[in-house]
Amino acid sequence: MKEALLWGGVAGFANVLGALIVLKWSISERWIGYFMAVGTGALIGAVTFELLEEALQLGSLIDVAWGFLGGALLFTLINSYLHRKGAGRRKRSNQEDGSAAASGRAILVGTVMDAIPETMMIGFSLLHGQVSQSLVFSVFLSNVPEGISSTSGLRKGGMSRGKVLGLWSIVFVLSMGSAWVGYTLLSSASVHVQALLNAFAAGGILAMLASTMMPEAYEKDGAVVGFLTALGLFLTLLLQ
């Protein structure tokens, strides 16, 4: 249990680290886009090599199909709702003045929604004896630029330093809790349920990448993000 909390905290602290970097130094949008593209590729690799592969080993293709498409659909529906509430640009660094402060609660909910499937699967990976290093690496690598970009946008939108750090602290604590849930509750689940949940998390993460991180990275850096995304995926492959 302690190990699940530890690794969930590592993943959640990446957002805090990104916020601290922005509050201490000025980071150009181009470099934010570079890191975001690499993090996107790393998470795609984790979805492919970790979650989907594990799901296929545990269950049938039907289990994977229901879980994967269901996770993508649920994320899309919730993300659409959050977009209307002001969290659609939660990973963007170019918030309009005042918009971030006005939608801070929605941004928090959206960020937690992004983090839950990632950290829950980190906890679940401990059921196999040791944590998935590639999954932790890819989540951490994607969360640092997320924290940088979102914090930059929140600050431009008028949110104070204290409120920004408070928001990411909540994400940090909930990430730890999500990893703990993945470790404790899923340990007693059947292999079919485990397959379904692995695929469900994979679908949600991929939908998140396609609707938030990929557009942000391309908007900042253009075509070069294609190579950087491939680089991130390859780094995940090296850890397998």
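Me: What volume does the largest pocket have?
Reply: This is a predicted model: local features need pLDDT of at least 70, side-chain atom pairs count only at pLDDT 80 or more, and totals for chains, interfaces and linings use all residues. Residues are numbered from 1 along each chain as its sequence is written, and side-chain values use heavy atoms, leaving out hydrogens and water. A pocket is an open set of points on a 1 Å grid over the protein atoms alone, where a 1.4 Å probe fits and protein lies on both sides within 12 Å along at least five of seven lines. Filling the points with probe spheres, the largest pocket comes to about 340 Å³.

Me: Which helix gives the most to the lining of the largest pocket?
Reply: The lining (residues with an atom within 4 Å of a point) has 19 residues here, with Glu50, Glu54, Ser125, His128 and Ser132 nearest the centre. At least two lining residues come from each of α2 (29-58), α5 (104-125) and α6 (133-156), where helices are DSSP runs of H or I, at least four residues, numbered from the N terminus. With 6 residues, the top contributor is α2.

Me: How many charged residues does the lining of the second largest pocket have?
Reply: Let's compare the two linings by class. The largest pocket has 7 nonpolar, 9 polar and 3 charged residues. The second largest pocket, of about 220 Å³, has Leu74, Met113, Ile116, Pro117 and Phe200 nearest its centre. Its lining has 11 nonpolar and 2 polar residues, and the number of charged residues is none.

Me: Which helix gives the most to the lining of that second largest pocket?
Reply: Its lining counts 13 residues. Two or more come from each of α3 (61-87), α5 and α8 (191-221). The most, 5 residues, come from α5.

Me: What percentage of the protein chain's residues are buried?
Reply: Nice one to finish on: the chain has 9 helices and 0 strands. Of the 240 residues in the chain, the buried ones make up 51%.

Technical notes: Buried means under 20% relative accessible area, exposed over 50%, partly exposed in between (1.4 Å probe, protein chains only). Ala, Val, Leu, Ile, Met, Phe, Trp, Tyr, Cys and Pro count as nonpolar, Asp, Glu, Lys and Arg as charged, and the others, Gly among them, as polar.
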